[in-house]
Amino acid sequence: MNVRWVGAEKTVYELVGGSNWFYELMDFFYEDVEMQNQIRHLYPEDLSESKRNTADFLIQYWGGPSEYSDKRGHPRLRMRHAPFPIGGTERDAWLASMDYALAKMEPETRILEAMKEYFKTAANHMVNNEKRQ
Ligand code: HEM
């Protein structure tokens, strides 16, 4: 099943209630990135653009408007992450912050599971520094 279309009638974007849900998710995500401080150094000091870009990307991915690509072009996420050394440690810290954010947002179970599955696969794909386990 295409996880972006849970049940095929509505997009996940519609089911969670639209763009604000993703902006709140990213607020919690970066709150945890700041708190646990394991990958914070990889991000710029001002997180507002990072929040915006990641939220817009997720909005587009989960079936909402394509503002991300209108602004930034094709996502090419692995390429965009190439400047940052991402090993197993960084991937796990990133996923832990996303787990924190998802727990705060409390989406319904089928959406939670679809998102966790997607983030696990996508975060693995972003690993570009195998030596940093
Ligand atoms: C599910 C996996 C991931 C997704 C969907 C994702 C998504 C994104 C997006 C959309 C951007 C903004 C790109 C742009 O400028 O247009 C971004 C930036 C970034 N990501 Fe990820 N990412 C993922 C995993 C990771 C991991 C594992 C790390 C490791 C720490 C990471 C670190 C960063 C950093 C440092 C930036 C740059 C922030 C900035 O300069 O604004 N990402 N990510």
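In this predicted model, helices α6 and α7 cross in a right-handed manner. Their axes lie 10 Å apart and form an angle of about 165°. Because angles over 145 degrees fall in that class, α6 and α7 are roughly antiparallel to each other. On the α6 side, the contact is built from Arg91, Trp94, Leu95, Met98 and Leu102, while α7 supplies Leu112, Met115, Phe119, Lys120, Ala123 and Asn124. Sorted by class, this contact of α6 with α7 contains 8 nonpolar, 1 polar and 2 charged residues.

Helix α6 also packs against α2. Here helix α2 (residues 19–36) and helix α6 (residues 88–105) meet at an angle of about 130°, and their axes are 8 Å apart. The pair α2 and α6 is therefore classed as oblique. As with the previous pair, handedness can be assigned: α2 passes α6 in a right-handed crossing. The residues of α2 that take part are Trp21, Glu24, Leu25, Phe28, Phe29, Asp32, Val33 and Gln36, and they meet Ala93, Ala96, Ser97, Met98, Tyr100, Ala101, Lys104 and Met105 in α6. In terms of class, 11 nonpolar, 2 polar and 3 charged residues make up the contact of α2 with α6.

Attention now turns to the ligand. The shell around the ligand holds 22 residues, of which Leu42, Ser50, Phe57, Trp94 and Ala122 come nearest. Two or more residues each are given to this shell by α3 (48–61), α5 (77–81), α6 and α7 (109–125). Helix α3 provides the largest share, with 5 residues. By class, the shell around the ligand divides into 13 nonpolar, 4 polar and 5 charged residues.

Finally, valine 127 is worth a look, sitting in the segment after α7. Valine 127 has 17 C-beta neighbours inside 10 Å and therefore counts as partly exposed, since a residue is buried at 20 or more such neighbours and exposed at 12 or fewer. Leaving aside residues up to four places away in sequence, valine 127 touches Ile86, Gly87, Gly88 and Arg91. Valine 127 and proline 85 are separated by 42 residues in sequence, yet their C-alpha atoms are 8.0 Å apart in space.

How values were computed
Residues numbered from 1 in each chain as written. Predicted model: local features only at pLDDT ≥ 70, side-chain atom pairs only at ≥ 80, totals over all residues. Axes fitted to C-alpha atoms, helices over the stretch in contact; angles between N-to-C directions. Helix = DSSP H or I, 4+ residues; strand = E, 2+ residues; numbered from the N terminus. Parallel < 35°, antiparallel > 145°, perpendicular 65-115°, else oblique. Left-handed = near helix turned anticlockwise from the far one by under 90°. Contact = placed C-beta atoms within 7 Å. Nonpolar A, V, L, I, M, F, W, Y, C, P; charged D, E, K, R; others polar. Near = placed C-beta within 6 Å.
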